[in-house]
Amino acid sequence: MRNALFLIFISLCSVCKSSAQGYSNPVIPGFHPDPSVCKAGDDYYLVNSSFQYFPGVPLFHSKDLVHWEQIGNCLTRPSQLDLTNANSGSGIFAPTIRYNDGVFYMITTNVSGKGNFLVHTTDPRSEWSEPVWLEQGGIDPSLYFEDGKCFMVSNPDGYINLCEIDPMTGKQLSSSKRIWNGTGGRYAEGPHIYKKDGWYYLLISEGGTELGHKVTIARSRYIDGPYQGNPANPILTHANESGQSSPIQGTGHADLVEGTDGSWWMVCLAYRIMPGTHHTLGRETYLAPVRWDKDAWPVVNSNGTISLKMDVPTLPQQEMKGRPERIDFKEGKLSPEWIHLQNPEAKNYIFTKDGKLRLIATPVTLSDWKSPTFVALRQEHFDMEASAPVVLQKAGVNDEAGISVFMEFHSHYDLFVRQDKDRKRSVGLRYKLGEITHYAKEVSLPTDGEVELVVKSDINYYYFGYKVNGIYHDLGKMNTRYLSTETAGGFTGVVLGLYITSASKDSKAYADFEYFKYKGKPGENK
């Protein structure tokens, strides 16, 4: 009896702990902006914008809103996603994910293509449908389902518009109606509609996705308005006294979801600042609790701000399987975290019988605003180390392969092995900063075999080096801030990419990569 009571006590303590422990922000670190979330049963699904990267719209799954695992991407076929000429300010803008009557819908905008569209599936882990193109313009579209009807909201001409659509055909069933333009902040965007206690709530973002970003809300008894703004707007911002000293800035572009226990939560984007208010990691996904009493306005984290360490009750937490530090290619396919610039040529990515990733050279470079042979992972930590062994084969003079710390076509740091004259090879370090291309260092290699390239970083610098026969050689360092959004522009964040490029279209060069290692500083995102 005593043992039974003891076991019951331990079990209750465990339940209390799992449902009351805090968490760390961001819940999805690195370049994962514009989050949208939905619930299906006791599962949660979340999507982010992806801009010029393919596959598009990363898709995450969670049981507790805190721990997330990427299970795929919504746009995996060229027929779904044309990224011709896309850069970090175009391509796929903010998506919304919704679940209704057994079907998942993802709606978004290809600003480099034909505009607003949606795709759908009954199994989010499988392939999604071909695009269903929509008539109402603007960006950041969202869906709301009620009584067999589907409503769409977006922001043509900077004003939130509502219409009814057929989500399977894309046909617009009612004329577009202006319903709200926010509180006067610039760029009213990111609209979502919810219904609670007989009220329709319209959540939007204002102020632009920089320091002045904020989330505001209005409500109406009727879906098409008139909408009355919350007197306490904004409900989330760090552009105020409470948030001005926070290491988190740019809070905005949010979505709300009700937990399985009746609690309410907000996901939003924000970024972690560096010295000089720069940021390189991109806009990340954050989580905040919401108090939403009956007939009342929602209150985010008690005061409308968020923190890196959130000491708040949560849903019972369930850890997700993390990505290994060493990623090999023995399965013959890339995991869903890997991304390409624009639409890749599949023939240039081969998995060898001995478990290596083979990249085939083309003359397209990392600065050409096209799709080079390049595959990357998002940088998720200020303090990290990444490395990969590279073997360059059948290379002509000036063919090269390596690792790029990539922000944009005009802003990247490249660490590479290059074929020189007289069958010699060298390892080099190059900086591309706008119109400036600077070769910082080149060192002849004693061997034509494997060279391990190494990139490290802290909040201020990237450090570059290489290993031959296990011995590390330093090549140099460069400031992180020159790859920040504030310097390079765009809406993305730094990615770390394996690449190869040739000096001639007749080159037969290829590079084999046995693995890629990525290790963040322990505890930085915990």
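**Rings, charges and a cavity**

Modeller: Let us begin with arginine 221, which lies over the face of tryptophan 199, at 3.8 Å from the ring centre. A charge sits over a ring if NZ of Lys or CZ of Arg is within 6 Å of the ring centre and within 35 degrees of the ring normal. Arginine 272 likewise has its charged end over the ring of phenylalanine 382, 5.3 Å from the centre. This is a predicted model, in which local features need pLDDT of at least 70 and side-chain atom pairs count only at pLDDT 80 or more, while totals for chains, interfaces and linings use all residues. Residues are numbered from 1 along each chain as its sequence is written, and side-chain values use heavy atoms, with hydrogens and water left out.

Colleague: How many aromatic pairs are there by this kind of rule?

Modeller: Rings of Phe, Tyr and Trp (its six-membered ring) pair if their centres lie within 6.5 Å; planes under 30 degrees apart are stacked, over 60 edge-to-face, and the rest tilted. The count comes to 25 aromatic pairs. One of them is tilted: phenylalanine 51 with phenylalanine 491, 5.7 Å centre to centre and 35° between the planes. This pair links distant parts of the chain, 440 residues apart, with phenylalanine 51 in the loop between β3 (43-47) and β4 (53-54) and phenylalanine 491 in the loop between α2 (485-488) and β38 (495-501). Helices (H or I, at least four residues) and strands (E, at least two) are DSSP runs, numbered from the N terminus.

Colleague: Why does phenylalanine 51 count as buried?

Modeller: Buried means under 20% relative accessible area, exposed over 50%, and partly exposed in between (1.4 Å probe, protein chains only). Phenylalanine 51 counts as buried because its relative accessibility is 2%. Phenylalanine 491, at 29%, counts as partly exposed.

Colleague: Where is the empty space to be found?

Modeller: Rolling a probe the size of a water molecule over the atoms shows where empty space is left. A cavity is a set of points, on a 1 Å grid over the protein atoms alone, where a 1.4 Å probe fits but cannot get out; lining residues have an atom within 4 Å of a point. The lining of the largest cavity includes Val390, Arg425 and Asp448. Strand β30 (residues 384-393) gives the largest share of that lining, 3 residues.

Technical notes. 1 Å grid on protein atoms, 1.4 Å probe; cavity = no way out; pocket = protein on both sides within 12 Å on 5 of 7 lines; lining within 4 Å.
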